[in-house]
Amino acid sequence: MAWRRLCLSAWLSLCTAAAAADAEDYARCAACHLDDGTGVPGMFPPLAGHVERFFPSPAGRAYLSRLVAGGANGTVRIGGVRYAGTMPAVVADLSDGEVADLLNELARRFAPSATPSFSAEDVASARRAGPLSGTERVTLRQRALSVSAPR
Ligand code: HEC
């Protein structure tokens, strides 16, 4: 039936368009963390094999959404390598829903065992809480990582 084919193809192209938008938004992160999320040792930390640690717990997800929404500043050690750069708030022009999509895209790319479950409300509340200050960041990061095995 023609109409069925039509609906199916309209649906598929909608899905493809949504996926393309997510991939495009991840390009903002890939500028530093690279397409495959491997990062640049000593400059931009890896997301692959690392951000998966933030997805399973509410503390981890809260940390991740505030960090991505507000940017980051400070020193982190990941896989024995020190990173002391500044990460700008590269999603400032995106809506809460678009940032949630981007966080879910991160889960799909780098935390395949996680359920991509960020909502626009999660991002709205991260934005209300504001950018992470230095000490707050250290505390929230420690709390987020303490629920997963150190690496
Ligand atoms: C201009 C370069 C740049 C861009 C663009 C960028 N980052 Fe970063 N990112 C960094 C640097 C440098 C650090 C390490 C410094 C820090 O964490 O304070 C970092 C740290 C992080 C961390 C912290 C990991 C941890 O263990 O605390 C995460 C998660 C992250 N970035 C995700 C993202 C995501 C998602 C995007 C896209 C929305 C993004 N970054 C865009 C440079 C960048």
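Helices, written H, are DSSP runs of H or I with at least four residues, and strands, written S, are runs of E with at least two, both numbered from the N terminus. Good morning, and thank you for coming. The structure before you is a predicted model, in which local features need pLDDT of at least 70 and side-chain atom pairs count only at pLDDT 80 or more, while totals for chains, interfaces and linings use all residues. Residues are numbered from 1 along each chain as its sequence is written.

Let me begin with the overall layout. The protein has five helices and four strands, and along the sequence they follow the pattern α-α-β-β-β-β-α-α-α. Of the 151 residues in the protein, 28% are buried. Here a residue is buried if 20 or more other C-beta atoms lie within 10 Å of its own, exposed if 12 or fewer do, and partly exposed in between, with C-beta atoms placed from the backbone. Two residues are in contact if their C-beta atoms, placed in that way, lie within 7 Å. Among contacts between residues at least 6 apart in sequence, 63% join residues at least 24 apart.

I turn now to the ligand. A residue is near a molecule if its C-beta atom, placed from the backbone, lies within 6 Å of it. There are 26 residues around the ligand, and those that come nearest are Cys29, Cys32, Ala72, Gly85 and Met87. Which element supplies the largest share of this shell? The answer is H1, with five residues. At least two residues each come from H1, H2, S1, S2 and helix H3 (96-110). By class, the shell has 20 nonpolar, four polar and two charged residues. In this count Ala, Val, Leu, Ile, Met, Phe, Trp, Tyr, Cys and Pro are nonpolar, Asp, Glu, Lys and Arg are charged, and the others, Gly among them, are polar.

Next, the nonpolar core. Such a core is a set of buried Ala, Val, Leu, Ile, Met, Phe, Trp, Tyr and Cys residues joined through C-beta atoms within 7 Å. The largest one has 25 residues, and Val51, Leu64, Val68, Val99, Leu103 and Leu106 have the most contacts inside it. H1, H2, H3 and helix H4 (120-129) each supply at least two residues of this core, and H3 gives the most, with seven. Valine 68 touches Val91, Val99 and Leu103, not counting residues up to four places away in sequence.

The expected span of a helix is 1.5 Å times one less than its number of residues. H2 is mostly covered, with ten of its 13 residues buried; among them are Tyr63, Leu64 and Val68. The buried residues of H2 pack against S1, H3, H4 and helix H5 (134-146). Just after H2, glycine 71 takes a positive phi of about 85 degrees.

H3 has 15 residues and reaches 21 Å from its first C-alpha to its last, close to the 21 Å expected. H3 is also mostly covered: eleven of its 15 residues are buried, including Val99, Leu103, Leu106 and Phe110.

In H4, the buried residues are Asp122, Val123 and Ala126. Seen down the axis of H4, these fall within an arc of 95 degrees, so they line one face of the helix; the arc is that of the directions from the helix axis to the C-beta atoms. They pack against H2 and H3, whereas Glu121 and Arg128 are exposed on the other side of H4. Glycine 130, which follows H4, has a positive phi near 85 degrees.

Finally, two loop residues. Leucine 34 lies in the loop between helix H1 (2-33) and helix H2 (58-70). Most residues other than glycine have a negative phi. For leucine 34, however, phi is positive, near 75 degrees. Is leucine 34 partly exposed or buried? Leucine 34 is partly exposed, because 15 other C-beta atoms lie within 10 Å.

Threonine 75 is found in the loop between strand S1 (72-73) and strand S2 (76-78). Threonine 75 is exposed, since 10 other C-beta atoms lie within 10 Å. Its contacts, leaving aside neighbours within four places in sequence, are Arg82, Tyr83 and Ala84. Glycine 85, ten residues from threonine 75 in sequence, is 7.1 Å from threonine 75 in space, C-alpha to C-alpha. Thank you for your attention.
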